[in-house]
Each structure stands twice: as C-alpha cells, then as structure tokens.
Amino acid sequence: MTSRGTAKVTLPDDETILVTREFDAPKHLVYKAWTTPELVKRWWNAKRGEVTVCEIDLRVGGRWRYVMVTPDGTEVAFHGEYREIVPNERIVSTEVFEGAPQEEGQPEVGTVNTLTLIEVDGRTTVTIETKAPSKEVRDAIIASGMEAGLQDALDLLEEVAVSLR
Amino acid sequence: MARAPTTTDAFNAIAEPRRREILDALADGERSVNDLVRILGLAQPQVSKHLRVLREVDLVTVREDGRQRLYRLNGHALKPVHDWVSKYEKTWSERFEQLDVVLDELKRQEEGADGHDK
C-alpha cells in the first residue's frame with residue numbers, strides 16, 4: 001500500500017480549523033464510509049479506543065452521536081445535528097463535545113463542521129472545516145482543551161521552530 | 001467592552017491578533033518597545049500592555065540594554081500550542097489511515113459485485 005500522507009491542519013482565521021487529505025477512492029465511496037455507522041466505527045476511533053455508539057440520522061435536522069471508550073474506560077462523546085446534506089459532496093453539521101461545560105437554558109456551545117468532497121480522476125480530496133460561531137465560543141472551546149482556532153499559529157510556529165529545538 | 005484579563009496560558013495569549021503581530025515581529029529578532037510601536041502602529045501603552053501579557057506566560061523575555069529594554073521571543077512557551085496542533089493532526093491522520101483501509105475494501109466490493117452493492 002502506498003503512503004497517502006498525513007492530515008494537513010491549517011488555522012485560516014480566529015474561528016476556523018481546516019483539515020484536508022486526499023484519498024485514493026471516488027467520492028461516493030468516501031461519502032459512504034463517512035455516513036454508514038458500521039463503517040464509521042472502523043475508522044473514527046483513530047486507534048485510541050472502541051467506538052461503542054455511532055448513530056447517524058442522515059437528514060436535515062437529524063441527529064448524530066458518536067461515543068468512544070478508551071482502553072482506560074474513559075468515554076468521549078460527541079453529538080450534533082445535520083444542517084445541510086448534498087449526497088456525495090457536502091455535509092454541514094453541528095458538533096458538541098459532551099464533556100464541554102454548558103450553561104443551562106442556553107444553546108449548546110459547539111462548532112459547525114462542513115465536510116466537502118471533491119473528486120478528480122477517481123481521487124477525492126476531503127476537507128473538514130470546523131468553525132466556532134464566535135470568538136467567545138472559540139475561547140470556550142480552547143478553554144475546554146478540545147479544539148482551538150488560532151490564526152497563524154502554525155506559521156508562527158514555523159518561524160520559531162528553530163528555537164524549539 | 002473591557003474583558004476580564006483571563007490570560008493564563010499561551011493559547012489565550014496568542015488568541016489576540018495584536019499579540020500575534022508582536023510575536024511575528026519578534027520572530028525576526030530582539031526589539032525595543034519603540035520598535036514595536038513603530039511596526040504595529042499602536043500607542044505605546046497598548047504595546048506595553050500586550051507585552052506584559054506575553055511576559056506573564058513566558059512567550060517573551062526582556063533584558064535591559066543601557067536605557068532601553070529589549071524584548072525577545074521565547075519559542076519554548078509555544079510548545080503547548082505546537083503539541084495541541086500536532087495532536088489534532090495526529091488524530092485525523094490516524095482516522096484517515098483507517099479510512100484508507102475501509103475505502104480499499106469498498107472499492108474491491110464495488111469492482112467485484114455487479115449491481116449488488118447495497
């Protein structure tokens with residue numbers, strides 16, 4: 001099997017994280033692997049545990065929920081709602097980390113994720129855009145230690161990589 | 001709108017665009033406050049305020065040079081940010097490696113099965 005490279009993570013602005021990666025498969029298969037619970041269970045764990053719950057109600061307004069249990073028994077759960085679905089091309093959904101602090105009676109604090117699949121010559125580029133709705137929410141997410149959108153942090157890190165050695 | 005000074009770590013410190021500009025400027029070498037005032041086009045008190053935040057989390061260090069104080073970037077303090085990005089990248093890379101295996105299987109199924117893929 002050829003090496004297919006690593007995920008490329010960039011931080012284009014204060015609220016956004018972009019992850020991209022090319023796959024040696026047509027987009028309808030990537031879409032299938034992304035939206036079929038039995039298949040998601042096989043890759044979403046990132047070798048860190050077992051996906052014990054994978055619910056996908058793939059329609060606008062439908063809910064999703066993934067739960068992973070790590071070897072030490074820790075449960076990590078995420079859920080959200082589908083906002084836009086273009087089969088084989090694009091899914092917009094919300095994502096809430098169930099361990100993040102939430103205020104009672106307030107809308108849940110989470111991100112809006114956009115999955116985009118672009119196929120060229122049988123190969124598919126996957127882009128996942130994770131967007132926090134505001135700087136405040138972004139800050140809350142950073143504080144929870146889960147996700148961060150830090151503009152230029154990577155560029156900056158490249159510049160100072162020398163001093164990290 | 002004044003916000004409470006909640007800055008306690010490198011993440012919060014570099015979440016502020018002006019502070020990132022200061023770090024960018026310092027990436028090229030040591031600078032005095034006056035240099036930074038000129039480069040950023042900000043008033044001196046604001047630059048000093050940002051520098052104070054950056055010093056609190058050790059992102060910059062300062063030394064006296066005659067009658068001026070020179071600020072320097074401390075890259076080590078960015079390590080938590082670097083680690084976070086690396087971890088995020090690693091998680092997705094590992095998911096994608098497993099997804100490659102699933103996709104190879106789906107491709108084989110599709111090639112092998114005529115019209116019986118569902």
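**Group meeting talk: a predicted two-chain model**

Okay, let's start with one residue: A:R123 counts as partly exposed because it has 15 C-beta neighbours inside 10 Å. For the cut-offs, a residue is buried if 20 or more other C-beta atoms lie within 10 Å of its own, exposed if 12 or fewer, and partly exposed in between, with C-beta atoms placed from the backbone.

Before I go on, some housekeeping. This is a predicted model, so local features need pLDDT of at least 70 and side-chain atom pairs count only at pLDDT 80 or more, while totals for chains, interfaces and linings use all residues. Residues are numbered from 1 along each chain as its sequence is written, and chains are lettered from A and ligands numbered from 1 in the order in which they are written.

Back to A:R123. You'll find A:R123 in strand β8, residues 123-131 of chain A. When I say helix or strand, I mean DSSP runs, numbered from the N terminus: H or I with at least four residues for helices, E with at least two for strands. Which residues does A:R123 touch, not counting residues up to four places away in sequence? They are A:E22, A:F23 and A:D24. Touching, or being in contact, means that the C-beta atoms of two residues, placed from the backbone, lie within 7 Å. And look at A:K27: A:K27 and A:R123 are 96 residues apart in sequence, yet their C-alpha atoms are 7.4 Å apart in space.

Now chain A as a whole. Its secondary structure comes to four helices and eight strands, and along the sequence the pattern reads β-β-α-α-β-β-β-β-β-β-α-α. Of its 165 residues, 25% are buried. Among its contacts between residues at least 6 apart in sequence, 37% join residues at least 24 apart.

The mean for chain A is 79, and 76% of its residues reach 70 or more. Over residues 142-165 of chain A, though, pLDDT stays under 50. The model still has 59 contacts beyond four places in sequence for that stretch. Where pLDDT is low, the predicted coordinates should not be read in detail.

On to chain B. Here there are five helices and three strands, in the pattern α-α-β-α-α-β-β-α. Buried residues make up 27% of its 118 residues. Of the chain B contacts with a separation of 6 or more, 51% are between residues 24 or more positions apart.

The strands of chain B form an open sheet in the order β1-β3-β2, with antiparallel pairing. Its edge strands are β1 (31-32) and β2 (60-65), and each pairs on one side only. Two strands count as paired if DSSP finds at least two bridges between them. β2(B) and β3(B), the latter being residues 68-73, have six bridges. One of the bridge partners is B:L73 in β3(B), which goes with B:V60.

Next, helix α4(B), residues 44-56. This helix has 13 residues and reaches 18 Å from its first C-alpha to its last, close to the 18 Å expected; the expected span is 1.5 Å times one less than the number of residues. Which residues of α4(B) are buried? B:V47, B:H50, B:L51 and B:L54. After α4(B) comes B:D58, with a positive phi near 65 degrees.

α2(B) is worth a look too: B:R19, B:I22, B:L23 and B:L26 are buried there. Their arc is 95 degrees, so they also line one face of their helix.

Last, the cores. A nonpolar core is a set of buried Ala, Val, Leu, Ile, Met, Phe, Trp, Tyr and Cys residues joined through C-beta atoms within 7 Å. The largest has 24 residues, and those with the most contacts inside it include A:L29, A:W43 and B:L99. Elements giving two or more residues to this core include α1 and α2 of chain A and α5 of chain B. The largest share, six residues, comes from α5(B). Leaving aside neighbours within four places in sequence, A:W43 contacts A:A33, B:R95, B:Q98, B:L99 and B:V102. Apart from this core lies another of 20 residues, among them B:A13, B:L23, B:L36 and B:V47.

Terms used: pLDDT is the predictor's confidence in each residue, from 0 to 100. The arc is that of the directions from the helix axis to the C-beta atoms.
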